[in-house]
Amino acid sequence: MIKKAFFTVEAAFVLPLVFYTILFLLNYSFYSHDRAKLQSLGEEVVLKAASYITYQVDMELAVLRVEDYLSKGILYPIGIEREKDEVRVLGYVKETLTNGYWVCEIRDLQVQTTLSKVRITGKLEAVFPSAKLFGILKKDGFTVPFCFEETIFSREEKTRLLEVSINLGKKIKGVDKAVQKLKELVAKMK
């Protein structure tokens, strides 16, 4: 009888510990999923926003809208007349970043554009209802700020960067042979 009571007392201490550990790992895995999703989508969205601001590339289809690009004034690249575009980018960012999370929500989402950068900021609020339900923590979640930035290059800067990278590639031994072999492979495929 003493052994049975001993196992009951032991189980009363061990089972809640095991249960809380499993619950913690489950909540943490949900949070990790949401954080990874935010990181992936955030980097993609800020890149699309920078392309839209710079070249009027459609954010949904990734297609250059020539008529919109040509209709912009001469002062557009230095930040004049960007308000409408910032509102459109913010709408796209909200639509893309705020859906599909398991235990997190996006709060205080903002988009700022300067002459050289697009910045998306906000807060990722993780909510764990089970933590407060079982009295583990006083709070049922926490908030983590996030920021995604992308540099806006002018056409001249991008052209210069491409020239530098091409010239650097020409200086590396064996690149010419690799390029020649690639050309031969492409020619064979045609």
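Predicted model: local features only at pLDDT ≥ 70, side-chain atom pairs only at ≥ 80, totals over all residues.
Residues are numbered from 1 along each chain as its sequence is written, and side-chain values use heavy atoms, with hydrogens and water left out.

Let's start with the layout. The chain has six helices and three strands; these are DSSP runs numbered from the N terminus, with helices being H or I of at least four residues and strands being E of at least two. Going from the N terminus, the order is α-α-α-β-β-α-β-α-α.

Now, the inside. Of the 190 residues, 25% are buried. Buried means under 20% relative accessible area, exposed means over 50%, and partly exposed is in between, using a 1.4 Å probe and protein chains only. In soluble globular proteins, nonpolar side chains tend to be buried together. Here, the largest nonpolar core has 28 residues, and Tyr31, Leu38, Val93, Leu97 and Ile120 have the most contacts inside it. Helix H1 (2-55) is among the elements giving two or more residues to this core, and H1 gives the most, with nine. A core like this is a set of buried Ala, Val, Leu, Ile, Met, Phe, Trp, Tyr and Cys residues joined through side-chain atoms within 4.5 Å. Take Leu38: leaving out residues up to four places away in sequence, Leu38 touches Leu97, Tyr101, Ile106, Leu124, Phe146 and Phe148, where a contact means heavy atoms within 4.5 Å.

Back to my opening pair. Glu44 and Lys48 form a salt bridge, with the closest N and O atoms 3.3 Å apart. They sit four residues apart in helix H1, so about one helical turn separates them. The rule for a salt bridge is a side-chain nitrogen of Lys or Arg within 4 Å of a carboxyl oxygen of Asp or Glu, and that gives six of them.

Some reach further along the chain. Lys123 pairs with Asp108, closest N and O atoms 3.7 Å apart, and this links strand E2 to strand E1 across 15 residues. Asp108 is exposed, at 51% relative accessible area, whereas Lys123 is partly exposed at 37%. Then Glu149 bridges to Lys117 at 3.6 Å, joining strand E3 to strand E2, 32 residues apart. And Glu105, Arg107 and Glu125 are linked in a network of salt bridges.
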